[in-house]
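Here are my notes for someone opening this structure for the first time. Have a look at it, then work through the points below.

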Amino acid sequence: MSIKNTKETWLFSISPNNKFFSINFNEIWQYRDLLFLFVKRDVITAHKQTVLGPLWYLIQPLFTSITFTIIFNNLAGIETGSVPPFLFNLTGIAVWNYFTSCLTGTSNTFANNAGIFGKVYFPRMISPLSKVISNLLKFGIQLIILTVFYLYFYLNGAAISLNFSFILFPFIVLIIGIFGLGLGMIISSMVTKYRDLNYLVGFGVQLLMYVSAVMYPMALVQQKMPNFVWLVKYNPLAYIIESTRHMILNVGQLSIGGLVYTLGVTIAVFIVGILLFNRTEKNFIDTV
Amino acid sequence: MRKDIILSIENVSKQYRLGQIGTGALGHDLNRWWHRIRGKEDPYLKIGEVNDRSTKGTSDYVWALKDINFKVERGEVVGVIGKNGAGKSTLLKLMSRVTSPTTGEINFGGRVASLLEVGTGFHGEMTGRENIFLNGAILGMTKKEIASKLDEIIEFSGCERYIDTPVKRYSSGMYVRLAFAVAAFLEPEILIVDEVLAVGDAEFQKKAIGKMQDISRGGGRTVLFVSHNMAAVKQLCSKVIVLEFGTVVFEGNTNDGIEYYLQSNQYDGYIGHYVNEAVEESGFVSLALLDKNDAIRTEFGFDELITIKINVKVTEQHLNSHIGFRVIDRNERVIFTSEIELASEIDKDGLYQFEVKLPQQFLVPNKFKLTFGMHIPNVALIDYQEECLSFEIVETGSDFHMYGNNDYGCIFVDCNWNLIKVN
């Protein structure tokens, strides 16, 4: 009796060979329902049994902007040109919030999901991806309040207007999401073995805000501290924030070179993130 | 004749690192990377010991699984049994793609769904209905599939009334029933189940086993089933694989496999043999528990023949004594005592051997101790060995196996049930 193994027709195989770039977009598309349900879960459960619910998404940027305006613009005297300082800060904060929420939401994916990852298989990238998408909703709400204040200042005669490059704004949001996702995946992968990184991310992100031109225009650094302008010039996030302000408030310059640089860094970070993430997902459960 | 192999595991091994994963790991990682750059072998793959949890060992690396090789045909229900720590769950984790093998290859000829835990991904704040969708999607179903089976799932779970309440309000029984209901309607070609039947009450377990039977017989699906519940394994599985210390030690017929597993499970704190050569006058020289092959055992299936072999030395003045034993269960309940008048069997001093055959299918699965005594009734105690032997009766398919850990008595009794009247 002979056993005929139709070896060529296996549906799929598991082996230790870690093909370096083995991202399976097809698989992620297959699991798109799961992605949707994760987003739905995040949205539903974030506000269960709270009184104010999503209103909290408005309070943080509002109070932060007020505080920044008082401290940085009134007390420290940072000039924001013809734009009302409050609006200047609010724009920066809304965009910065999206980035940080993406980063902190994805930078501990493996540890946070060790339970579910240890019991069932699905393309692991679905988890951080769902965070990036559910944070979009939070960002959307903050954009609404930004719009409200925008209209208020506009109708009161402030010298602000939408720049025609505003059509690129969705593109900018996409870059933030991808950058946050890529960086988050890199950190997730490394944190499984070397947990120190968690602390680094914690305070690193706070400090990063100060070199990302959130509450001051980039030109100011060039003017006042030309020796340190490299801190801001090589930070892709600074270009993102400046560009957003340019598109929405028509202030400052749109640096094409800066944007290309940002795009390049984003793509590089994303690719490295995917590679590391893929390698880690196969065996992290043994060490996390 | 062509066999339809749907699952093939070839030379699979899995290595783990013991101890704290701290600053040492970075050094090891760099070392490994340095070796890989130069095209050399992983220096830690060579080290590694057999995964015997009871010994300390010298290496930091162990092989949880080593050189696993077996094939599964379409439609087979394969049981995977072994002691705790034998590598069963690790094998299932590998097959569920939760972690990857250190060496070897696993090949699948069909869609796989894994049940390593009930309620994976359940979120307490979401309602039962929402969780059905979430859990179903996690297990691999599409929204459309789940929606089409939603009513059946809700009905099977028996939680209709609470289906729109957050799951954190459910009792543990409802939780488990809902979770299993979702899993029961999966339609993979290969189903992998890890001891999920160990949770829940008797009714749930019966339902779960019944559903598993439907899946395997009706659906023609291939199932891999890990369990400690020998009765369930016997009921469901056509083939059994026994794992011991990370390797396959038996592959074949279910009954033989279970017997092999029980026979190799010795001396886990149980004592099957007692010896006392230094008996001066009269007393027990040796006591042993044997199976039908005269092997010393401490774990027996409930329907196995247990023989107690007693070697006793009797002197002239103790010819009128009785010898006997008492069976006590884990809760210190005395089950029964049995003894014999020596005078009815022997009339001279000397060394004698007695064999006592315990009735089969008699003792309810439990842990037992034996106390032996030699005495002249109400006069003198000659030799008394308290709880010197111990053994366990394992559930392997009695009529009451579905009652699990519930106390239904000490012994099996055949009563005469007569139907008298029909109204």
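**Notes on the two chains**

1. A:Asn250 counts as partly exposed because it has 17 C-beta neighbours inside 10 Å. For reference, a residue is buried if 20 or more other C-beta atoms lie within 10 Å of its own, exposed if 12 or fewer, and partly exposed in between, with C-beta atoms placed from the backbone. A:Asn250 sits in the loop between α12 (236-249) and α13 of chain A, and its phi is near 55°, a positive value in a residue other than glycine.

2. A word on the model and its labels. This is a predicted model, in which local features need pLDDT of at least 70 and side-chain atom pairs count only at pLDDT 80 or more, while totals for chains, interfaces and linings use all residues. Residues are numbered from 1 along each chain as its sequence is written, with chains lettered from A and ligands numbered from 1 in the order in which they are written.

3. With 14 C-beta neighbours inside 10 Å, B:Asp67 counts as partly exposed.

4. Helices (H or I, at least four residues) and strands (E, at least two) are DSSP runs, numbered from the N terminus.

5. The chains also share strand pairing (DSSP finds at least two bridges between paired strands). Three bridges join β1(A) to strand β5 (residues 103-108) of chain B, and the two run antiparallel. Look for A:Ile14, whose bridge partner in β5(B) is B:Ile106.

6. Now chain B by itself. It has nine helices and 19 strands, and buried residues make up 37% of its 423 residues. Its domain assignment (bounds from an automatic or database assignment) gives domain 1 (5-9 + 66-263) and domain 2 (273-403). Their centres, taken over C-alpha atoms, are 42 Å apart. The contact takes 10 residues from domain 1 of chain B and 12 residues from domain 2 of chain B.

Technical notes: Contact = placed C-beta atoms within 7 Å.
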